[in-house]
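Subject: Salt bridges in the model

Hello,

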Amino acid sequence: MQVLFKILRQTQNSSPQVQTYQLEAESGNTILDCLNRIKWEQDGSLAFRKNCRNTICGSCTMRINGRSALACKENIGSEVTRLQHLPSTDSSKAGPAPIPEIIVAPMGNMPVIKDLVVDMSSF
């Protein structure tokens, strides 16, 4: 399935900007799998943390569609399903279903170093 990733990018002490990436993904792919593919195939400058890929360390915690979550745990299929069940403001439009959008942002309670990497020294 085609998925749009809207990633909030910024560097320390700068204003955030949204950058959009379109990706062909399987429903079982994790958000972290997709971020890796974006970094490897589309934009090598994208910065994010990862370590264990087993939902243990917490290093890949970020905001996914407005809620804090582990990128290595959340998968595309369940996230798209969750988004479809949220109330829509314009559900009366006819035509093909829009491409699902996944908004990824850094944790909101720590200063941003770069893109999705936050300063965890206070933690």
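Glu101 is partly exposed at 34% relative accessibility (buried means under 20% relative accessible area, exposed over 50%, partly exposed in between; 1.4 Å probe, protein chains only). Its partner in a salt bridge is Lys6, at 3.5 Å from N to O; a salt bridge here is a side-chain nitrogen of Lys or Arg within 4 Å of a carboxyl oxygen of Asp or Glu. Lys6 is also partly exposed, at 23%. Because Lys6 lies in strand S1 (residues 2-9) and Glu101 in strand S5 (residues 101-105), the pair ties together parts that are 95 residues apart in sequence. Helices (H or I, at least four residues) and strands (E, at least two) are DSSP runs, numbered from the N terminus.

This is a predicted model, in which local features need pLDDT of at least 70 and side-chain atom pairs count only at pLDDT 80 or more, while totals for chains, interfaces and linings use all residues. Residues are numbered from 1 along each chain as its sequence is written, and side-chain values use heavy atoms, with hydrogens and water left out.

Asp115 and Arg9 form a salt bridge at 2.9 Å, N to O. Asp115 sits in the loop between strand S6 (112-114) and strand S7 (117-118), and Arg9 in strand S1, 106 residues apart. Asp115 is buried at 3%, and Arg9 is buried at 11%. A network of salt bridges links Arg9, Asp115, Asp43 and Lys114.

Within helix H1 (residues 31-41), Glu41 and Arg37 are four residues apart, about one turn of the helix. Their closest N and O atoms are 3.3 Å apart, in a salt bridge. Glu41 is exposed at 52%, whereas Arg37 is partly exposed at 26%.

The count comes to nine salt bridges.

Regards
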